[in-house]
Protein chains: 2
Amino acid sequence: METIPSGVCAPIGFMAAGVCCGIKKGKAKRDLALILSDSPCKAAACYTKNLVKGAPILVTQEHLKKLAAHGAIVNSGNANTCNGPEGLAHAKAMARFAALRTGLRPEDFIVASTGVIGQRLPIETIEAGMDALVKDLSKDGAARAREAIMTTDTREKETAVEFILSGRTVRIGAMAKGSGMIHINMATMLSFITTDCSISGELLQEALSACVEKTFNCVSVDGDTSTNDMVCALANGRAGNQTIREKGPDYGAFLEALETVSEYLARAIAKDGEGATRLLECAVSGAADEASGRKLALSVISSSLVKAAFFGSDANWGRILCALGYSGVAFDPDKVDVAFRSAKGFIAVCSGGRPLPFDEAKAKDILSADEIGIEVKMAEGAATAKAWGCDLTYEYVKINGDYRS
Amino acid sequence: METIPSGVCAPIGFMAAGVCCGIKKGKAKRDLALILSDSPCKAAACYTKNLVKGAPILVTQEHLKKLAAHGAIVNSGNANTCNGPEGLAHAKAMARFAALRTGLRPEDFIVASTGVIGQRLPIETIEAGMDALVKDLSKDGAARAREAIMTTDTREKETAVEFILSGRTVRIGAMAKGSGMIHINMATMLSFITTDCSISGELLQEALSACVEKTFNCVSVDGDTSTNDMVCALANGRAGNQTIREKGPDYGAFLEALETVSEYLARAIAKDGEGATRLLECAVSGAADEASGRKLALSVISSSLVKAAFFGSDANWGRILCALGYSGVAFDPDKVDVAFRSAKGFIAVCSGGRPLPFDEAKAKDILSADEIGIEVKMAEGAATAKAWGCDLTYEYVKINGDYRS
């Protein structure tokens, strides 16, 4: 598997666009994006589990019932959520605008919005920007599209890989946005995955669901699960590989590549957590099973106290034990080891649930790196799991203290 | 019911003490406290639900099996948690020290510790401070005791009430500590309640459990449920009322007074949340039942995004809908009203799940008060519930970025 450039435009037949239509007031920032395939795609998606769902989610769920689509239209700056029937009409209008200008049907489009909740979507502004958007579509539009879906993100997030399936080169490209309001089960995270792999809609959905569970759903920035977000995948089959219709070796290879792309983006989102200065990766081993391992890892990564301690490069491992203890997973606290790892070294701080003597200066140095591994070893079984998060900083509070203005 | 002075020493027969024995290094701060009744007490307690429990919790659970005790010994500055068999021996030693100097048995004492996890408890320091502690015991010792149990608390928390039970005046006094690591199900919160009411141990426990569920367990500062904390009650019967042995009117009056005291402390703890500038009270009405109402209110009060918005006095009610949506409680999002209330006024911001036009300047003014009511009205039933929390501030991050040093 090789990493390649061009993000969502890397697979054959995909174009993208990103323009500034004026939703983000007073700022000349791109806020409207389009992804389009030159041929019909199998399509799959995973959605937020929040009971309060944005209008675009409802529309997309409807459109993807047939496990097929042709493209995606996305705006940032407004979540189009809690806007009642008008919000729903606006989400449908976005698909209609895209269809009108591409000769396709509204139901061929995935619709997504991200931004403030409970403010009317300026649909006229979007309509006025449509011509420029469609004109902007091109094979090198990935950079503009990934920029147009950002809200408080400080970094653009995209990746692409290629790999061989039975002699044919297949590509997967992806872009994501997500920075705050990010917690297990999607949160304010949008991710668009394109591939030229030929695969059935059913298996595309199955692969995506499996993959999301282990990657996007294992990221927590602030414990808030958003109303709007989703991960979707479009597969246009242009690579010409023999269509994947069963779970054989080809499916395995596709799943592996999809996981690589998803894990890359999940880490990038955690690293770009609002105000974050460090990426935290909690790796649990010796868990009873994968699900409980994930629950434990997520509990650590979600703890405000753990997150604040890492901001201060403070090896306060007691807070990690504490977070494991309230995770809801049963384990023997006297059989837990904790260690920290970064590019600057490795240090064990707790063994069998008790303190190990350690060099505080060395620990501080290791924890001053920008990516920190928290290694938790239990004695409950053989399962492993990972979760990603970030430190809690002054900046997070600042960003969220007055987001709307 | 009247509010009276003297906290835990308000009920007849209780004395308290608080001294500086030297656990909190480099700071001449009180860190060792004692509460003692002049006669045997019925005793009850509710404990942290964290799987990782501090050694003092284990010792107290053992001592209170008989639903009786005589006093409590408490230290701050060190949680005596994750210290293995030595930690357990130290917690037992604290009870033994108190017993030796009061002519009682070790099992007559509740033991509590709060502070850093995973550092050896300096038991020699505590032993050396015991003579001064016992000497300090007095009827006016409540202020010193409440000071000695504080960690990052910025305000002392105590209250007392008196009320009449069948012609006799009965008193309940209480003190608490708690500021960070506070979330539903106890968290780092210690509360000591004394009363001269005569009541059976079983009913004292039942009243305390019912009361904790509605008050202390409805406070969230940062989502972390601590390893160490508990609410305990000592009832020495010195008021001379007819012993409460069944759930009649006397039990009802006692429960009401206990709830008043507990709610006062729960609010005080939320208001003193680490770095907090505002108390948030979320009141849910129209819930299907009390438990789901509490879950909804707690989800709002626990959301980092909601908390950060209130720090900025930002009427970002969409985040409230969002937090309700991921609470795990089923409800109709199109039948939710949200309003804010403070000493500066009242403003409705959302009706039927949709935005109401409102005056942003007025909202900002209302939200600049130091106590904010978040009123959520649903259409699921007739139950109401409340939860308390605080805003998320720069200061919280600062306090927790380097707590151990």
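No disulfides are counted over all chains of this predicted model: the count comes to zero. Cys211(A) is in no disulfide, and the nearest cysteine sulfur, that of Cys46(A), lies 8.7 Å away. A disulfide requires two cysteine sulfur atoms within 2.5 Å.

**Cysteines**

- Cys211(A) has a relative accessibility of 0% and therefore counts as buried.
- For Cys9(B), the closest cysteine sulfur is that of Cys41(B), at 12 Å, which is too far for a bond.
- Cys9(B) is also buried, its relative accessible area being 2%.

**Open sheet of chain B**

- Seven strands of chain B form an open sheet with mixed pairing, in the order 9-16-11-15-12-13-14.
- Strand 9 (219-220) and strand 14 (354-355) of chain B stand at the edges; each has a single partner strand, so one side of each has no neighbour in the sheet.
- Within this order, strand 11 (residues 279-287) and strand 15 (residues 371-377) of chain B pair in the parallel sense, over seven bridges.
- Val284(B) has Val376(B), in strand 15 of chain B, as its bridge partner.

- Which residues of helix 9 of chain B are buried? They are Gly318(B), Arg319(B), Ile320(B), Leu321(B), Cys322(B), Ala323(B), Leu324(B) and Gly325(B).
- Because eight of the eight residues of helix 9 (residues 318-325) of chain B are buried, the helix is largely enclosed by the rest of the structure.
- Two packed helices are described by the angle between their axes and the distance between the axes.
- For helix 7 (residues 290-302) of chain B and helix 9 of chain B, the axes come within 8 Å and cross at roughly 130°.
- Helix 7 and helix 9 of chain B are therefore oblique to each other, and their crossing is right-handed.
- On the helix 7 side of chain B, the residues that meet helix 9 are Leu296(B), Ser299(B) and Val300(B).
- Their counterparts in helix 9 of chain B are Ile320(B), Ala323(B) and Leu324(B), each of which is buried.

**Strand 2 of chain A**

- Five of the six residues of strand 2 (residues 14-19) of chain A are buried, and the strand is mostly covered.
- Strand 2 of chain A runs antiparallel to strand 3 (residues 32-47) of chain A, and six bridges join the two.
- Phe14(A) stands opposite Ser37(A), which belongs to strand 3 of chain A.

- Ser6(A) is not a glycine, yet its phi is positive, at about 85°.
- The loop that holds Ser6(A) runs between strand 1 (2-3) and strand 2 of chain A.
- With 36% relative accessibility, Ser6(A) counts as partly exposed.
- Leu67(B), not a glycine either, has a positive phi of about 55°.
- Leu67(B) is placed in the loop between helix 1 (55-63) and strand 4 (68-78) of chain B.
- Is Leu67(B) buried or exposed? Leu67(B) is buried, because its relative accessible area is 18% and the cut-off for buried is under 20%.

Methods
Residues are numbered from 1 along each chain as its sequence is written. Chains are lettered from A and ligands numbered from 1 in the order in which they are written. This is a predicted model: local features need pLDDT of at least 70, side-chain atom pairs count only at pLDDT 80 or more; totals for chains, interfaces and linings use all residues. Side-chain values use heavy atoms; hydrogens and water are left out. Two strands pair if DSSP finds at least two bridges between them. Helices (H or I, at least four residues) and strands (E, at least two) are DSSP runs, numbered from the N terminus. Buried means under 20% relative accessible area, exposed over 50%, partly exposed in between (1.4 Å probe, protein chains only). Axes are lines fitted to C-alpha atoms, for helices over the stretch in contact, and angles run from 0 to 180 degrees between N-to-C directions. Angles under 35 degrees count as roughly parallel, over 145 as roughly antiparallel, 65 to 115 as roughly perpendicular and the rest as oblique. A crossing is left-handed if the near helix is turned anticlockwise from the far one by less than a right angle, and right-handed if clockwise. Contact means heavy atoms within 4.5 Å.
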